Amino acid sequence: MQTKPFIWAIVITLALMLCSAGVRAESFTTNGPYGGQINGGIVMNPKKTNILYAGGTGGLFITTDGGEIWQPPHTKELAKGVSAIAVAPGLPETAYVSVHLDGIFKTTDSGKTWQRTAERFTEGWIFSLVIDPRNAGVIYAGTSKGIFKSSDGGSKWEELKTEPQKLSAGSMIMDPGKSDTLYVATFGDGIFKSEDAGKSWTAINNGLTTKDFVVIAADRTGQALYAATSTEGVFKSTDGGLNWKPAGDIKALAEGLGLWALDIDPMQPDTLYAGFSSGSGANAGKATVYKSIDGGNTWFPSGTGIRKSRIKGFAISAKNPGVMYAATFRGVFKSMDGGKNWIPANKGIASAYVMDIKVDPDKNNNLYVATGFGGLFKSEDRGATFREIMAEAEGTNTDTVALNPADSKTVYSGAFGFGFLISGDSGKSWKTSSEGIINDHVYYLAVDPQNPKNIFATSCTCGGGTGAVFRSSDGGRTWVRADGGIATDRMVMGISIDPLKPSTLYAVQIDHGVWKSTDSGTTWENANNGITDLRAMPVVVDPKDSNILYEPTYGGGIFKSVDGGKSWKEINNGLAEKRVRRLAIDSRNSKILYAGSYRGVYVSKDAGESWSLLEITKEVAGINALALDPKNSNILYVGTGGGMWRYEK
């Protein structure tokens with residue numbers, strides 16, 4: 001009769017012993033930064049307007065309280081990149097969501113549960129979904145490889161015949177009064193119309209000065225159509241698309257800022273909203289939301305409080321006048337007064353596209369996180385909370401961050417449109433310092449660990465372009481070119497400095513692989529012998545042996561050199577996912593390596609000879625950054641398209 005109490009006493013005693021010995025289970029958690037790229041749009045339930053869906057790089061997020069709190073993705077599939085969302089007009093509990101290269105998912109209970117509608121839908125990137133209001137099982141998908149239709153709720157799809165056949169269909173809408181009539185705005189072929197539920201399509205481009213469109217919209221009456229292009233502004237048709245003319249004076253703004261979103265107030269058909277990208281250079285500081293109240297004839301700025309960023313979509317209430325939401329590359333913003341004033345509504349949305357992470361070597365609670373279009377963030381509690389530290393006037397697109405190893409209060413960053421930036425007070429204030437840098441986008445930074453006055457930067461133009469490397473010998477005040485011999489037709493993705501021999505550098509380029517310099521960047525030579533995939537990511541140098549190098553690639557896995565880059569061999573034993581973007585090496589024990597793959601984090605404890613997946617990380621997709629805590633190598637920070645995660649052994 002005493003057996004059970006005796007066994008429980010042993011169990012409790014062992015548990016107490018393990019806790020007192022410091023044994024704990026590994027953990028993998030995220031707390032943001034909240035916000036980020038909502039590039040898959042935002043859609044409102046037309047009847048229950050407090051329910052909204054927002055899709056971005058971090059997956060699908062749902063709010064049931066008008067944006068006060070957003071719930072994270074319900075399943076691992078919905079935690080991947082979401083490209084399109086649609087709610088059934090006649091049955092608003094039903095919604096469809098497209099997940100990049102992983103199919104279309106369906107809910108019939110306003111997002112509480114989800115089911116995959118088809119085993120796979122791999123016909124390119126899905127840009128838009130449209131549901132027939134008469135039958136929620138009839139869905140149209142506009143994709144980068146054509147237009148598709150399902151008549152059974154997404155289980156089976158047929159490609160609709162168009163001319164040309166493979167239209168890159170961006171935005172698609174249905175005539176509010178005639179659900180058999182559809183309009184599609186394409187990337188490169190103009191606008192098309194079908195009046196027979198997609199069986200046949202006709203180009204309707206009369207009056208258009210471009211054929212490259214990003215969005216199309218119709219007012220509730222179906223009398224007015226509007227089509228937006230990123231550079232030519234907005235066009236309007238009042239005869240079903242037969243003829244088009246420019247809508248007002250918005251073209252100049254589109255040329256300078258880039259127009260990416262357009263929507264119509266469902267309660268006021270003459271009220272339109274246009275969403276732009278954040279401006280740089282001469283356009284810096286301009287508003288990113290413009291409004292028209294006369295059917296597009298005139299436009300005025302309407303964006304107080306909204307951060308300068310790319311606007312990707314609007315959700316406007318059809319029941320509550322003035323209530324609307326904007327999906328941006330800095331998260332979701334909400335307005336209660338028709339767009340005059342905006343406030344962030346991001347709590348719970350972890351969709352920041354983390355590009356770089358740096359840990360303060362002096363105060364390792366401090367982290368700096370660069371999130372591309374989302375800006376630069378700082379955490380002072382190891383990622384439990386974040387705050388943005390770079391003002392919008394100083395740059396919105398921050399892909400890289402670096403610290404001065406001799407004085408960690410000195411922080412460096414690169415921002416699109418502003419080049420190289422320096423802060424001397426741990427990120428409180430910033431100044432630009434780009435004299436000599438010819439391109440306005442600093443993409444990657446590396447600081448000499450022995451002489452911090454030596455800084456290297458890669459930069460590019462907006463479209464990628466040149467493979468430029470710059471060197472500063474005075475702490476970033478002035479710069480000179482340092483890329484003699486590097487191919488100029490590809491962007492330089494990263495620079496690595498040998499910590500033992502800082503005059504030795506490694507640069508990487510997609511399609512050109514690895515370059516090596518032994519004279520601080522004055523001259524470079526290719527160092528690809530043995531590398532079979534030239535989609536190179538930044539090299540990692542063993543901190544204890546300059547001859548040992550590791551090269552991750554985006555498709556070929558990982559390569560290792562033991563002779564300073566003269567030759568390489570593949571080290572993929574146990575590496576099931578070979579799309580690897582980043583490596584991290586334990587500075588205390590350089591045999592321990594971490595690899596950030598497209599699906600999860602791998603670890604090696606034998607200098608890359610074998611790899612094993614950290615199972616706890618396998619649901620995380622698209623790893624872009626890795627950083628080990630310099631004072632506690634049991635903590636690894638992981639940057640993804642869905643925010644920053646902390647792995648702790």
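Here's a quick briefing on the nonpolar cores and salt bridges in this structure.

It's a predicted model, so local features need pLDDT of at least 70 and side-chain atom pairs count only at pLDDT 80 or more, while totals for chains, interfaces and linings use all residues. Residues are numbered from 1 along each chain as its sequence is written, and side-chain values use heavy atoms, leaving out hydrogens and water.

**Nonpolar cores**

- The largest nonpolar core has 30 residues; a core here is a set of buried Ala, Val, Leu, Ile, Met, Phe, Trp, Tyr and Cys residues joined through side-chain atoms within 4.5 Å.
- "Buried" means under 20% relative accessible area, "exposed" means over 50%, and "partly exposed" is in between, using a 1.4 Å probe and protein chains only.
- I486, I495, A507, V514, W524 and V539 are the residues with the most contacts inside that core.
- Two or more core residues come from each of β39 (441-447), β40 (455-461), β43 (492-497), β44 (505-509) and β45 (513-517); strands are DSSP runs (E, at least two residues), numbered from the N terminus.
- As background, nonpolar side chains tend to be buried together in soluble globular proteins.

**Around I486**

- Leaving aside residues up to four places away in sequence, I486 touches G467, V469, V492, A507, Q509, W515 and W524; a contact means heavy atoms within 4.5 Å.

**Salt bridges**

- The count comes to 16 salt bridges, each being a side-chain nitrogen of Lys or Arg within 4 Å of a carboxyl oxygen of Asp or Glu.
- D180 and R134 pair up through their side chains at 2.8 Å, N to O.
- D180 sits in strand β15 (residues 178-186) and R134 in the loop between β10 (126-132) and β11 (135-143), so this pair ties together parts that are 46 residues apart in sequence.
- D180 is partly exposed at 30% relative accessible area, while R134 counts as exposed at 57%.
- D533 and R535 also meet in a salt bridge, again given as 2.8 Å, N to O.
- In that pair, D533 is buried at 10% relative accessible area, and R535 is partly exposed at 35%.
- E615 bridges to K618, with the closest N and O atoms 3.2 Å apart.
- E615 is partly exposed at 48%, and K618 is partly exposed at 38%.
- Shared partners join D132, R134 and D180 into one salt-bridge network.

Key: Helices (H or I, at least four residues) and strands (E, at least two) are DSSP runs, numbered from the N terminus.
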